[in-house]
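Subject: Structure for you to look at

Dear colleague,

I am passing on a structure that you have not worked with before. Please open it first; my notes on what was found follow below.

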Amino acid sequence: MARRVGAVLIDLSGTLHVEDAVIPGSIDALKRLRATNVKIKFVTNTTKESKRILHERLTRIGFSIDRDEIFTSLTAAKQLIDKRRLRPYMLIADAAKEEFHDISPENQNAVLVGLAPDQFDYEHMTTAFRILLEGAPLIAIHRARYYKRSDGLALGPGAFVAALEYSSGCKSEAVGKPEAAFFHSALEELGCSASEAVMIGDDAQDDVCGAMNAGLLGILVKTGKYRPGDESTVDPKPSYIAENFAQAVDYIISRWLMNSEE
């Protein structure tokens, strides 16, 4: 019997869009997927803007997505901070800071790192380093190596997390993709198990391999940050490799929603 899919987790940047440019066919493909009544959650490591700003961007460029359908690594980071009552020194973009508006800036006892190009300078990094030397934990919203911008690939926060680890001698704790807890938390909101879910993304390591290690199926799309041969660098291998999101949706519908036999 073929595996049945009850939930689809979908990456955003690089899979549906790159900044304000929609990846061709993605809007119509999402409509086709919604028509099947499969459960959907949009999962993203985007840390350069809050969920509110991200939702406004997606709506502006033509996607019909509810804000509550978006699960971000910022959300996961905030949950961890609240649970442990941390007051982090934050190396995150200004547009993302509204997610942490209720966190006191006094007596900082942790360091939080996201994608913050304007703050990855010597003085900010040194301040973070000194806090870590006092025994504070280093929380990485994620450790992505790079991401896709409109002008090409750009360094992700992983390089700066690694620099702080190297100099301070501490090990970071990541909360976004590819951590299994991230995928499981998103599925918990849908009321689905990993065994009945599939992840679609452009990052072979963080999206696809991470999801498959967490028990999901994984589809790699050749858009966004994808580079030829990425699929051969990960284990397990993707369940399917699609040219784009539209082809991934067609495969899911024909293979895992419409058919019950191999």
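Strand 13 (residues 217-221) pairs with strand 14 in the parallel sense, over three bridges. Strands here are DSSP runs of E with at least two residues, helices are runs of H or I with at least four, and both are numbered from the N terminus. Two strands count as paired if DSSP finds at least two bridges between them. Within strand 14, Ala242 is the residue opposite Val221.

Two notes on the source. The model is predicted, so local features need pLDDT of at least 70 and side-chain atom pairs pLDDT 80 or more, while totals for chains, interfaces and linings use all residues. Residues are numbered from 1 along each chain as its sequence is written, and side-chain values use heavy atoms, with hydrogens and water left out.

Six strands make up an open sheet with parallel pairing, in the order 5-4-1-12-13-14. Its edges are strand 5 (70-72) and strand 14 (240-242), each of which pairs on one side only. Helix 7 lies across strand 12 (197-201) and strand 13, at about 165 degrees to strand 13. Helix 1 (residues 26-34) lies across strand 1 (7-10) and strand 4 (39-44), at about 140 degrees to strand 4. Contact means heavy atoms within 4.5 Å; axes are lines fitted to C-alpha atoms, for helices over the stretch in contact, and angles run from 0 to 180 degrees between N-to-C directions.

Cavities and pocket

Both terms use a 1 Å grid over the protein atoms alone: a cavity is a set of points where a 1.4 Å probe fits but cannot get out, a pocket is an open set with protein on both sides within 12 Å along at least five of seven lines, and lining residues have an atom within 4 Å of a point. Grid points are joined across faces, edges and corners, and a volume is the space filled by probe spheres set on the points.

By this rule there are two cavities of 30 Å³ or more. The largest cavity holds about 290 Å³. Of its 22 lining residues, Ser13, Asn45, Thr46, Tyr147 and Lys225 lie nearest the centre. Strand 9 gives the most to this lining, with three residues. The second largest cavity holds about 40 Å³, and its lining includes Ser13, His17 and Thr46.

The largest pocket has a volume of about 220 Å³. Helix 3 supplies the largest share of its lining, five residues.

Regards
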